[in-house]
Amino acid sequence: MARPAGPQFRTAMKQTLSGNIIDIHARRIYGGTVTIDDGRIVAVEEDGRTYDRYLAPGLVDAHVHIESSMLTPEEFARTVIAHGTVAVVSDPHEIANVMGPEGIAFMEAHARRAAIKIRYTIPSCVPATAFDRSGGRITADDVERMTASGRFVGLSEVMDMPAVLGREPEMMRKLDAARRHGLPVDGHAPGATGEPLRQYIAAGITTDHEAFTLAEAREKLALGMKILIREGSAARNYAALHPVLDTQPDRVMFCMDDAHPHDLLTGHIDKLVRRALADGHDLFDVWRAASLNPVLHYGLPVGLLRPGDPADFCILDNLTDLHTLEVWIDGERRYDAANPPAFRPVVPEPFNRFVRQPIRPADLRKACRGRVRCIGVLPGELVTQDRTLAVAPTDNLEADLSQDLLKIVYLNRYTNDTPPQVAYLTGFGLRRGALAASVSHDSHNIIAIGSNDRDLARAINTVIEHRGGLSFAEGDRTVLQPLPIAGIMADCSAEEIATAWLRLSALRERGCRIDSPFMTLSFIALIVIPELKLGEQGLFQFSRFRFLDEETAS
């Protein structure tokens with residue numbers, strides 16, 4: 001991938017920078033001077049002095065979906081570089097589910113203008129499973145073409161575990177293409193254990209970022225996988241998994257996976273580093289997970305503060321709060337805290353797939369006979385529970401607030417020939433109004449939760465009218481954040497969308513118990529995560545990997 005172009009990325013002349021150098025290879029910190037020439041480090045010399053700043057290998061996010069931030073790649077980069085990030089490994093399967101290979105090309109083009117090094121993996125499951133209906137598709141032929149291009153650093157998370165275990169030909173071709181071209185394959189195996197896990201790993205899958213218990217992470221490590229500790233906006237697994245930093249620091253990486261702008265503005269991978277150091281983990285082990293391990297695993301063109309490396313590093317004022325003073329990439333100072341880069345607007349070209357027409361409240365009616373099978377939401381987790389609640393029989397159950405039972409709606413946005421799928425959810429806590437979004441992993445159809453059908457229809461129709469966005473409706477009041485780029489990304493700054501996000505998410509006064517309600521909502525349709533989700537044909541049970549018929553769903 002070419003270097004970013006533009007006057008803000010002028011090549012620097014030969015220069016020297018001094019500070020306390022964090023040497024993760026020799027596992028020591030010493031005062032010294034780094035000499036840079038033509039974008040590379042030509043010398044690192046110890047001088048015996050003590051400085052008031054630290055030169056450290058830049059931080060790397062080992063697995064992220066940039067689109068989940070609702071930011072363009074260049075605006076995402078402007079946001080995270082302020083936290084010492086020099087590179088990310090990004091899986092563009094969100095936009096691929098909307099636009100197919102055209103979406104990946106869009107992300108590549110915008111990455112070339114970004115301040116940090118963005119390297120992409122090739123989406124392996126678009127759509128996520130044969131049960132999903134998305135706007136785009138990535139075939140084995142597409143994967144073969146992209147692996148041969150040399151532009152990608154891996155095959156993205158393989159979410160369709162049954163296709164791997166069943167050795168389905170299309171999936172086997174994708175895995176074979178990655179193997180032949182020497183690309184690592186990322187996994188997605190939440191809760192997998194025993195023989196199925198062994199077979200999955202034997203297919204060539206090398207990492208997993210979905211472990212949510214320490215026992216699960218340890219089993220995967222023992223079988224040869226590398227574990228990515230994730231701390232995103234909806235899924236937070238650090239607390240459960242961080243002990244592996246002490247036992248197998250060479251096989252651990254950090255990632256955010258999915259993060260929204262209000263979280264990114266307060267920190268990125270530096271959040272995990274800070275937390276791990278505060279918990280007493282060895283500084284060099286932590287920095288391995290945050291920089292060295294992903295660089296080695298994915299073969300990233302990212303320097304690690306050694307002679308001959310690209311001059312990629314961050315300058316910090318201390319090793320407690322890790323405040324970033326500067327970030328250098330390819331020998332150029334791309335971030336200076338004293339003069340942070342301004343937002344550069346991107347005018348989006350028409351780039352979307354959205355054909356759905358408005359619905360009526362009557363389209364959301366659903367009778368209940370006295371017992372309701374419902375999705376149980378767990379705060380801070382992507383996994384859900386399969387629950388059943390007793391309710392009063394009715395010809396249309398809108399909600400039962402006494403049991404925190406809300407109606408949830410799934411609506412395909414790429415067609416008008418399918419009806420809304422209507423089910424129920426508990427654990428969300430909303431008592432008034434409804435929220436809807438076209439950010440819905442991974443196919444990005446419309447997903448909505450509400451306390452009554454009128455508000456649900458209004459929130460959904462607001463998203464439809466604008467061909468993508470996040471909305472909240474209550475009575476005659478509607479709030480919207482438009483997402484004009486493929487219905488999943490905005491054309492504004494991180495600060496602007498974070499403000500809108502917080503305004504939309506401020507549902508505490510309406511009873512909501514979820515810290516990040518729209519992020520939680522966005523994963524309710526992701527049927528490749530346990531246990532009960534909502535998809536194209538209604539409720540989907542992960543453990544049996546099938547849709548439930550109306551009889552078993554009630």
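Which hand does the crossing have where α12 passes α13? I looked: α12 passes α13 in a right-handed crossing. By that I mean that the near helix is turned clockwise from the far one by less than a right angle.

Ground rules next. This is a predicted model, where local features need pLDDT of at least 70 and side-chain atom pairs count only at pLDDT 80 or more, while totals for chains, interfaces and linings use all residues. Residues are numbered from 1 along each chain as its sequence is written, and side-chain values use heavy atoms, with hydrogens and water left out.

**Helix pair**

I took helices as DSSP runs of H or I, at least four residues, and strands as runs of E, at least two, numbered from the N terminus. The axes of α12 (residues 269-278) and α13 come within 10 Å and cross at roughly 160°. Those axes are lines fitted to C-alpha atoms over the stretch in contact, with angles from 0 to 180 degrees between N-to-C directions. That makes α12 roughly antiparallel to α13 (the term covers angles over 145 degrees). I listed the contact (heavy atoms within 4.5 Å): α12 brings I269, V273, A276 and L277, and α13 brings L283, V286, W287 and A290.

Buried is under 20% relative accessible area, with a 1.4 Å probe and protein chains only. This core has 157 residues, and F254, V273 and W287 touch the most other members. Helix α13 (residues 283-298) gives the most, 9 residues. Beyond four places in sequence, V273 is in contact with L59, F254, V286, W287, A290 and L322. I found another core apart from it, of 17 residues, including V409 and A448.

**Helix α4**

Which residues of α4 are buried? In α4 (residues 140-149) I noted A140, D142, V143, M146 and T147. They fall within an arc of 150° seen down the axis, so they line one face of the helix. The arc is that of directions from the helix axis to the C-beta atoms. The cover includes α3 (101-111), β8 (155-158) and α6 (169-180). G150 follows α4, with a positive phi near 80°.

**I81**

I81 sits in the loop between α1 (73-80) and β6 (85-90). I81 counts as buried because its relative accessibility is 0%. Leaving out residues up to four places away, I81 touches A115, I116, T324, V327, I329, R334 and Y335.

How values were computed: Core = buried A, V, L, I, M, F, W, Y, C linked by side-chain atoms within 4.5 Å. Buried < 20%, exposed > 50% of the residue type's maximum accessible area, 1.4 Å probe, protein only. Parallel < 35°, antiparallel > 145°, perpendicular 65-115°, else oblique.
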